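Visitor: Can you walk me through the pockets in this one? I'd like to know what lines them.
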Amino acid sequence: MARTTNATLSSPYCILHRSSFSSKPSFLPLRIFPKTPSPPTFPRIYALSSNDIKVGSNIEVDGAPWRVLEFLHVKPGKGAAFVRTKMRNYVTGNTVEKTFRAGSTIEEANVFKEAKQFTYKDGVQFVFMDLSTFEEYRLNEADVGDKTKWLKEGMDCNLLFWNGKVIDFELPITVQLTVVDVDPGLKGDTAQGGTKPATLDTGAVVNVPLFVNIGAEILVDTRTGQYMSRA
């Protein structure tokens, strides 16, 4: 009677040793079971509740991306609660007020940011570049709006993308600019004194302390347009 040894599991074959009939091993193929198929993948659905809305939320309404500027949760004495919002359309720039029923599901706009450098202006277009790939992205003057008064060549900004296209961009919170025109300061002016208007190298006009003169490098908050300090 044949005597067997344990199968070598690391091989695709099972080896049987015959001690009395032959010195050569016999090979019997193991049954190989097919892999369990992977579950199908589906595109991610971005959704949130109206109760989760906050300032800065990106939502998609009627097939367009919107940014929430203001919101208010309202619980009336009678009737269902709701959320009143003020939103800006990323594509058109229009601002509207819209109300959502409390707890309703809202599609979140898949808006993401990428850092690009503003390189130059070509006619009415502002050209941004990816410094890794040297790919250019262009925004029209209407898209840039009044942000142009803080924009300088070589400045790093965040471009906002939605559905593969640029819909907006964000300036740095703080920018360093040069004073090109201002009334000269008077002797004895100090930081505790008054202010005066100064024109910067981008064309923006900001109020600066009386001691600031032409050629001074200053820091400005782009969110408020206010002078922060000397650079």
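Visitor: Which element gives the most to the lining of the second largest pocket?
Guide: That's E13, with 4 residues. The model is predicted, so to speak of local features takes pLDDT of at least 70 and side-chain atom pairs count only at 80 or more, while totals for chains, interfaces and linings use all residues. Numbering runs from 1 along each chain as its sequence is written, and side-chain values use heavy atoms, without hydrogens or water.

Visitor: What else supplies at least two residues there?
Guide: Helix H1 (141-144) does, alongside E13. Helices (H or I, at least four residues) and strands (E, at least two) are DSSP runs, numbered from the N terminus.

Visitor: How big is the volume of that second pocket?
Guide: About 210 Å³. Of its 16 lining residues, Tyr90, Val91, Ala142, Asp143 and Ile167 are the closest to the centre. A pocket here is an open set of points on a 1 Å grid over the protein atoms alone, where a 1.4 Å probe fits, with protein on both sides within 12 Å along at least five of seven lines; lining residues have an atom within 4 Å of a point. The volume is the space filled by probe spheres set on the points, which are joined across faces, edges and corners.

Visitor: OK, switching over: how much space lies in the largest pocket?
Guide: About 450 Å³. It has 18 lining residues, and Lys147, Glu170, Leu171, Thr222 and Arg223 sit closest to its centre.

Visitor: Which strands each supply at least two residues of that lining?
Guide: Strand E5 (64-74) and strand E13 (165-170). E13 has the largest share, 3 residues.
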